[in-house]
Amino acid sequence: QVQLMESGGGLVQPGGSLRLACAASGDIFRINDMSWYRQAPGKRRGLVASITRTGITNYEDPVKGRFTISRDNAKNMVYLQMNSLKPEDTAVYYCHGDVQTGPNHEFEYWGRGTQVTVSS
């Protein structure tokens with residue numbers, strides 16, 4: 001009923017930048033919290049950044065000052081601007097959203113992920 005789809009991943013050199021986007025589609029009543037997670041090879045998926053419906057943001061320490069999460073509620077989009085990228089940022093990045101399909105129905109949705117590789 002609701003689909004999240006990431007885009008914008010790719011190969012970038014250390015110190016470079018990428019901008020990830022996540023588009024939500026389907027029977028959307030309202031999108032509440034949205035987040036970006038990442039999973040490196042051999043590691044567990046972990047939170048990168050989150051943003052509430054009203055724009056309150058939270059960042060995990062490894063990306064503070066380098067990444068910026070934002071959203072466009074009119075377009076049902078969330079973004080992750082990644083600057084000063086480091087090799088340790090290499091991972092599959094996933095979009096996550098708490099989405100209401102009605103006034104009293106909310107469910108968690110995941111995108112399928114987009115690969116970000118930071119390498120010289």
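Leaving aside neighbours within four places in sequence, with which residues is Q13 in contact? The legends below refer to a predicted model, in which local features need pLDDT of at least 70, side-chain atom pairs count only at pLDDT 80 or more, and totals for chains, interfaces and linings use all residues. Residues are numbered from 1 along each chain as its sequence is written, and side-chain values use heavy atoms, with hydrogens and water left out.

**View 1. Surroundings of Q13.** Q13 lies in the loop between β2 (10-12) and β3 (18-26); strands (E, at least two residues) are DSSP runs numbered from the N terminus. Beyond its neighbours within four places in sequence, Q13 is in contact with V118 and S119, where contact means heavy atoms within 4.5 Å. Q13 counts as exposed because its relative accessibility is 56% (exposed, over 50%; buried, under 20%; partly exposed in between; 1.4 Å probe, protein chains only).

**View 2. Surroundings of D89.** The loop between β8 (77-82) and β9 (91-102) holds D89. With a relative accessibility of 1%, D89 counts as buried. Residues up to four places away in sequence not counted, D89 touches R38, R66, F67, S84, V116 and V118.

**View 3. Residue classes in the lining of the largest pocket.** This lining comprises 5 nonpolar, 3 polar and 5 charged residues. Ala, Val, Leu, Ile, Met, Phe, Trp, Tyr, Cys and Pro count as nonpolar, Asp, Glu, Lys and Arg as charged, and the others, Gly among them, as polar.

How values were computed. Helices (H or I, at least four residues) and strands (E, at least two) are DSSP runs, numbered from the N terminus.
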